[in-house]
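Please read them with the sequence and the structure side by side.

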Amino acid sequence: MKHLLFAIYYVLCLGNSFTYFHDCPQILSEIVSSQGDTLIVRAETVGGYSFYRHLQDLQSISAIEARAYDYVFLQDQSQAAARYASNHKQYRQLLLDAVDLVNRIRIYSPKAKIFIERTWAYEGSRYGGFDSLENFDNLIEKGAKQMASKTKTSVSPIGQAFMTCRWERPDIPLFEDDLKHQSHYGSYLKSCVNYLEMYHKPFGPSVTSLELDAEKCAYLRQLAERIVLQ
């Protein structure tokens, strides 16, 4: 009789509302479970938090020090990467905060794969103060890559998936009414991208679609595969 092998992974998520809306860590855990493995996730998410705020928060520090993690996802304040890309000198502290946070994580999780999430541009608050959706998105991409390079981490290209979905499937509502925070579909797409960054292989046949439309979820999985695996 064959015994099926499965893995248990420990994951830390540090972020803010772009992580806790519709509980992205739980969706990621459900996707991994549907593929046969188990995630044990610890998430510290407070609205508006930046990397600096996490460094000052005892709950976040306690989470970092609690155990050695296999994967860590870091989600900064929504404009931070774009600000850094727009003016390295003025916003140098944002990079220093990223360096300090990653270094602290590596003390306790030296073998962890660490991702800086490239989040999405949004229409709310006049494109975050960056004139246009395209400019905002380009700056987020540039800043996230620069921060990842400086911290020797990887980028999870969530924002690229969001932008592509906007072009290809405007019928899929990725955002809440504030045109900033992700909808349930947006959280599902983010979780699909993060899953693929962890595993680097296509989804199996039993992926959960939660309570969302199955066809839309199938498209989002396929889109995430195109972004991450090709």
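1. The secondary structure of the protein amounts to 11 helices and 5 strands, where helices (H or I, at least four residues) and strands (E, at least two) are DSSP runs numbered from the N terminus. The radius of gyration, taken over C-alpha atoms, is 17 Å, close to the 17 Å that the globule rule gives for 230 residues, so the protein is as compact as a globular protein of that length; the rule itself is 2.2 Å times the number of residues to the power 0.38. Along its principal axes, the C-alpha trace spans about 60 × 45 × 30 Å.

2. Please keep the origin of the coordinates in mind: this is a predicted model, in which local features need pLDDT of at least 70 and side-chain atom pairs count only at pLDDT 80 or more, while totals for chains, interfaces and linings use all residues. Residues are numbered from 1 along each chain as its sequence is written, and side-chain values use heavy atoms, with hydrogens and water left out.

3. Of the 230 residues, 55% count as buried, meaning under 20% relative accessible area, with exposed being over 50% and partly exposed in between (1.4 Å probe, protein chains only). Contacts (heavy atoms within 4.5 Å) with a separation of 6 or more come, for 78% of them, from residues 24 or more positions apart.

4. The largest nonpolar core has 48 residues, and Tyr188 and Leu189 are those with the most contacts inside it; such a core is a set of buried Ala, Val, Leu, Ile, Met, Phe, Trp, Tyr and Cys residues joined through side-chain atoms within 4.5 Å. Among the elements that give two or more residues to this core are strand E1 (8-15), helix H2 (24-34), helix H8 (133-151) and helix H11 (214-229), while H10 gives the most, with 9 residues. Leaving aside neighbours within four places in sequence, Leu189 is in contact with Ala161, Phe162, Cys165, Leu174, Leu220, Leu223 and Ala224. A second, separate core of 16 residues includes Leu12, Tyr69, Leu74 and Ala98.

5. Not counting residues up to four places away in sequence, His184 touches His22, Ile27, Glu176, Leu210 and Leu212. The C-alpha atoms of His184 and Phe18 are separated by 11 Å, although these two are 166 residues apart along the chain.
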